[in-house]
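Hello,

Here is the structure I said I would pass on. My notes follow below it.

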Amino acid sequence: MTFNDIFKSSFLENVTQFSALDTLIGMLFALVIGLFIFVVYKKTFTGVMYSSGFALTLVGLSLVTTLVIMAVTSNVVLSLGMVGALSIVRFRAAIKEPVEIVYLFWAIAAGIVIGAGMIPLAVIGSAIIGIILLLFASRKIHEHPYILILNCKDEKAEDAAAQIARTVLKRFLVKSKTVNEGGIELTAEVRLADAATSFVNRLHEIEGVGNVTLVSYNGEYMS
């Protein structure tokens, strides 16, 4: 048997052998799980700006991956060609939040498992992952970190402001200090005793204190 015989017989016959019912069932489960991933991502999102395009991509990724795996598992020759085709694809989309990688891999993994015919595994695994992510996202952070920026005219004003800050705040940790001809700029990480920010007004009333800025901080960006 030559290569041409294999190509003409086995390849063409196997490509046409697929079940329309199994395909519809697999795509339906991929859509349901993709929508579940979409909802979990929307509920647990804590970034700067929510991207509806990325959320929709999770649904499409589940469907496309399922379709690809179904095609790959139906024919060995086709699977080799698919590997070669996917190896030349390059993605340039920037990941804004590290947690987005989890959702991308989740959508891909769900599509692979469903395409391989292991639908119960995809359903149970996705349910467990979704519950864990929702539980961690529902935790309340009682102490929100803030960054306090003080512009003082001289050292006397700096000491007075630092004394008041240490009195009314739960934590006052100096991160940086810049001294120049215009005065002193002090940057500190602080924790508020409550949600009140009236102490900022008290700091600004100190003689020699110019600007007082308070911004929330989560370790990655300021808002």
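T65 counts as buried, because its relative accessibility is 11% and the cut-off for buried is under 20%. The residue sits in helix α3, which spans residues 52-74. What does T65 touch, leaving aside neighbours within four places in sequence? The contacts are I108, G111 and I112.

**Confidence**

Please keep in mind that this is a predicted model. The mean pLDDT of the protein is 79. Of its residues, 75% reach 70 or more. Confidence is lowest in helix α1, residues 3-15, with a mean of 49. It is highest in helix α6, residues 119-137, at 92. Where pLDDT is low, the predicted coordinates should not be read in detail.

**Aromatic pairs**

The structure holds 5 aromatic pairs. Two of them are described here.

F36 and W106 make an edge-to-face pair. Their centres are 6.0 Å apart, and the planes stand at 85 degrees. F36 belongs to helix α2 (residues 20-44) and W106 to helix α5 (residues 99-115), so this pair ties together parts that are 70 residues apart in sequence. Are the two partners buried or exposed? F36 is partly exposed, with a relative accessible area of 31%. W106 is buried, with a relative accessible area of 5%.

Y41 and Y103 also form an edge-to-face pair. Here the distance is 5.2 Å centre to centre, with 75 degrees between the planes. This pair, too, links distant parts of the chain. Y41 is in helix α2 and Y103 in helix α5, 62 residues apart. Both Y41 and Y103 are buried.

Now to the strands. An open sheet is built from 4 strands, in the order β2-β3-β1-β4. The pairing is antiparallel. At the edges are β2 (169-180) and β4 (209-216), each of which pairs on one side only. Neighbouring strands are turned against each other by 20 degrees on average, direction ignored.

Start with β2 and β3. Strand β3 covers residues 183-192 and pairs with β2 over 10 bridges, in the antiparallel sense. A hairpin of 2 residues joins β2 to β3. N180 has G183 in β3 as its bridge partner. V174 stands opposite A188 in β3.

On to β1 and β3. These strands run antiparallel and are joined by 8 bridges. P145 faces R191 of β3 as its opposite residue.

How many residues of β3 are buried? The count is 9 of 10, so this strand is largely enclosed by the rest of the structure.

Helix α7, residues 155-168, lies across β1 (145-152), β2, β3 and β4. Relative to β2, helix α7 runs at about 160 degrees.

**Where to look**

- T65 in helix α3, with its contacts I108, G111 and I112.
- Strand β3, with its 10 bridges to β2 and 8 bridges to β1.
- Helix α7, which lies across β1, β2, β3 and β4.

Leave helix α1 for the end: confidence is lowest there, at a mean of 49.

Best wishes

Conventions:
Residues are numbered from 1 along each chain as its sequence is written. This is a predicted model: local features need pLDDT of at least 70, side-chain atom pairs count only at pLDDT 80 or more; totals for chains, interfaces and linings use all residues. Side-chain values use heavy atoms; hydrogens and water are left out. Two strands pair if DSSP finds at least two bridges between them. Axes are lines fitted to C-alpha atoms, for helices over the stretch in contact, and angles run from 0 to 180 degrees between N-to-C directions. Contact means heavy atoms within 4.5 Å. pLDDT is the predictor's confidence in each residue, from 0 to 100. Rings of Phe, Tyr and Trp (its six-membered ring) pair if their centres lie within 6.5 Å; planes under 30 degrees apart count as stacked, over 60 as edge-to-face and the rest as tilted. Buried means under 20% relative accessible area, exposed over 50%, partly exposed in between (1.4 Å probe, protein chains only).
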